[in-house]
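Dear colleague,

Please find below the structure that I am handing over to you. My notes on what was found in it follow directly after.

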Amino acid sequence: MFLALQVNHGLKKLDVRGFDLTGEELSTAMRLGLGKNSTLESLNLSGTMGHYDTSLWREALSFLRTNTGLKTLNMSLYVTESHATAIRMEVLAALRENESLETLYWISKDARFEDYLVFVAAIQPNITLKRFQMRGANFRVDEDESRDLISVLKKNYGLE
């Protein structure tokens, strides 16, 4: 399915739920299929598993570096905390080169407020990302954290 997206000229929205990223073939198919696709505008990777090799995730999500059509990405990942951190770092690196993504929703049970601050600060060079939402189970903001968040957001000119 992901490889077929290389030649997609009609599908604008794709919702993929509950697949397990366990093999190199799948991560390569995601990189190639989604990386060369310029028609797909919205992608939802929901209920995605993958507790194995983070290099598979890095390769799979590297499509963000070359994709020119995707405007909305919604990821709801069920991975270990260390894998979630590695995945966030790959998305950060890819967003520095991405010129089309406008909305990123990220749900991860291990996301913390500190992760949000780091992510927002790191995407400053990306001016196309307008909306970013990171949700986690332990995501509460106190008064001091609110000040930190305001400080970081003031330095980001792309987010609305």
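**A residue in a loop**

N37 sits in the loop between helix 1 and strand 2 (42-48); helices (H or I, at least four residues) and strands (E, at least two) are DSSP runs, numbered from the N terminus. Please note that this is a predicted model, in which local features need pLDDT of at least 70 and side-chain atom pairs count only at pLDDT 80 or more, while totals for chains, interfaces and linings use all residues. Residues are numbered from 1 along each chain as its sequence is written, and side-chain values use heavy atoms, with hydrogens and water left out.

Is N37 buried or exposed? With a relative accessibility of 1%, N37 counts as buried (buried means under 20% relative accessible area, exposed over 50%, partly exposed in between, with a 1.4 Å probe and protein chains only). Apart from neighbours within four places in sequence, N37 is in contact with L5, N8, N67, T68 and G69, where contact means heavy atoms within 4.5 Å. N37 and H9 lie 28 residues apart along the chain, and their C-alpha atoms are separated by 8.3 Å.

**Two further residues**

S46 belongs to strand 2 and, at 15% relative accessibility, also counts as buried. Its contacts, leaving aside neighbours within four places in sequence, are V16, R17, G18 and S76.

E99, by contrast, is exposed, with a relative accessible area of 71%. This residue is placed in the loop between helix 4 (81-95) and strand 4 (103-108). From C-alpha to C-alpha, E99 and N126 are 7.5 Å apart in space, although 27 residues separate them in sequence.

**The chain as a whole**

The chain has 6 helices and 5 strands, arranged along the sequence in the pattern β-α-β-α-α-β-α-β-α-β-α. Of its 160 residues, 49% count as buried. Among contacts in the chain with a separation of 6 or more, 83% are between residues 24 or more positions apart.

**Helices 1 and 2**

Two packed helices are described by the angle between their axes and the distance between the axes. Helix 1 (residues 24-35) and helix 2 pack at an angle of about 20°, and their axes are 7 Å apart (axes are lines fitted to C-alpha atoms, for helices over the stretch in contact, and angles run from 0 to 180 degrees between N-to-C directions). The two helices, helix 1 and helix 2, are therefore roughly parallel to each other; angles under 35 degrees count as roughly parallel.

Which residues of helix 1 and helix 2 meet? From helix 1 come E24, S27, T28, M30 and R31, and from helix 2 come L56, E59 and A60.

In helix 2 (residues 54-61), the buried residues are T54, L56, W57, A60 and L61. Seen down the axis of helix 2, these fall within an arc of 150°, so they line one face of the helix; the arc is that of the directions from the helix axis to the C-beta atoms.

A nonpolar core is a set of buried Ala, Val, Leu, Ile, Met, Phe, Trp, Tyr and Cys residues joined through side-chain atoms within 4.5 Å. The largest one has 44 residues, of which F2, L43, M75, V91, L104, F119 and F132 touch the most other members. Helix 5 (residues 113-122) gives the largest share of this core, 6 residues.

The buried residues are F113, D115, Y116, L117, F119, V120 and A122.

Yours sincerely

Technical notes:
Angles under 35 degrees count as roughly parallel, over 145 as roughly antiparallel, 65 to 115 as roughly perpendicular and the rest as oblique.
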